[in-house]
Amino acid sequence: MSAPRDYAGELRIDLAAISANTRRLDELAGAAGVMAVVKAGGYGHGLVPAALAALRGGATWLGVAQLAEAFELRGAGITARVLAWLYTPGADLARAVREDVDLAISTPWGLEAAAGAARSEDRVARLHLKVDTGLGRNGVLHGPDYTALLARARELEAEGPVQVVGLMQHFAYADSPEHPEVLAQVERFDAAVAEAERAGCRLEVRHLANSAATLTNPALAYDLVRPGLAIYGLSPVPHLGDHERYGLAPAMTWTAPLSQVKAVPAGQGLSYGHTYVTERDTRVGVVPLGYADGIPRAGSGVGPLQVAGRRHTVAGRVCMDQLVVDLGPDSTAREGDEVVILGDGRDGAPTAQDWADATGTIGYELITRVGPRIPRRYVAGESSWALT
């Protein structure tokens, strides 16, 4: 039996794995730098711990979506370059400029707001123009709108409050590096870079490579790669190869103890709606985790689990706070024994990709949705699978 616990489980985060994954990506990037994307709480691994581990692994930039994330990094004493790319009118851009946070510019109002913030702080705002080359999400559309934004940015550069230091874009087919639209977006991005340079911009960094591009197409490294998922040891292109193929180590292991084990007869329905009915006398276990903790309700009847080295599937519906597993009539599992929800795949432990395949989603969602009730425990190479 495992040691007594007063909580419903834990996420064990191997920081050495994050550092090792970053070193691997740095090698693949060649002469380009690495911007480790640590948004969404470091993809569920913890914003500051993940950032520090990535920096130890050789990252020279950090990327976040929201300004609050950038401020948290600065508050932790992190001085590396930080880029934030998603904010709304009224955002505290003055603080961003004051704390030396680079800003992505996707709109005319964003450009004017950044310039106004820089004037108020008597500093220069460092800007990365975000060009929409085909994703159709945030970013200024490549074409007349981009040309107009670029012209205004150059006027503001001449006045002094801003400096255009970078140009960036996002791929529409992030997990299909050979898709024709990917190639078309690269061509549009190159055209946008050439236009910016003709206009007089002196770009420090051009960046478009996500995790998939970093792993599969070194030609797209340019000045800076921007991996997210791969930093945490998951493959962004599982149809092309798993994490082991790319030399990555999953950093997250999610476990919980069994809270109850009992014998039930054949014909017993388990959980709400009795969507699962036992076919023989058996033993069932209760795991004190549910959809409030990030277990997908879509995992009802299909979500993979490991108990005592044996693979099982969620029996019946996932509830808000608990789920049930049919352990089998010969199971010797006891209350307190460890259940592995997510692991690295060795010895049969289910992975985030296994859950994604079972529930019709992606690995990104599984690791970022783990709720705040689950404590994080940080280790440095403690687990046998961590790369060193």
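Colleague: Which residue follows α3, and what is its phi?

Modeller: This is a predicted model. In it, α3 is followed by G58, and the phi of G58 is positive, near 115 degrees.

Colleague: Which residues of α3 are buried?

Modeller: Buried here means under 20% relative accessible area. In α3 that applies to L47, V48, A50, A51, A53 and A54.

Colleague: Take α4, then. At what angle do α3 and α4 pack, and how far apart are their axes?

Modeller: Helix α3 spans residues 47-56 and helix α4 spans residues 67-75. Their packing angle is about 65 degrees, and the axes lie 10 Å apart. Angles of 65 to 115 degrees count as roughly perpendicular, and α3 and α4 are therefore roughly perpendicular to each other. The crossing of α3 past α4 is right-handed.

Colleague: Which residues make the contact between α3 and α4?

Modeller: From α3 they are L47, V48 and A51; from α4 they are E69, E72 and L73. By class, four are nonpolar, two are charged and none is polar.

Colleague: How do α6 and α7 pack: roughly parallel or roughly perpendicular?

Modeller: Start with the angle. Helix α6 (residues 108-121) meets helix α7 (residues 144-159) at about 10 degrees, with the axes 10 Å apart. Angles under 35 degrees count as roughly parallel, so α6 and α7 are roughly parallel to each other.

Colleague: Which residues of α6 and α7 make the contact?

Modeller: On the α6 side, P108, L111, E112, A115 and R119; on the α7 side, L149, R152, A153, L156 and E159. Six of the contact residues are nonpolar and four are charged, with no polar ones.

Colleague: Now the strands. What is the order in the open sheet of three strands?

Modeller: The order is β12-β15-β18, and the pairing is antiparallel. An edge strand pairs on one side only, as β12 (260-264) and β18 (323-326) do here. On average, neighbouring strands of this sheet are turned by 30 degrees against each other, direction ignored.

Colleague: How many bridges join β15 to β18?

Modeller: Four, between strand β15 (residues 282-287) and β18, which run antiparallel. To locate one of the bridges, look at V286: its partner in β18 is V324.

Note on methods:
Residues numbered from 1 in each chain as written. Predicted model: local features only at pLDDT ≥ 70, side-chain atom pairs only at ≥ 80, totals over all residues. Heavy atoms only, no water. Axes fitted to C-alpha atoms, helices over the stretch in contact; angles between N-to-C directions. Helix = DSSP H or I, 4+ residues; strand = E, 2+ residues; numbered from the N terminus. Parallel < 35°, antiparallel > 145°, perpendicular 65-115°, else oblique. Left-handed = near helix turned anticlockwise from the far one by under 90°. Contact = heavy atoms within 4.5 Å. Nonpolar A, V, L, I, M, F, W, Y, C, P; charged D, E, K, R; others polar. Pairing = 2+ DSSP bridges. Buried < 20%, exposed > 50% of the residue type's maximum accessible area, 1.4 Å probe, protein only.
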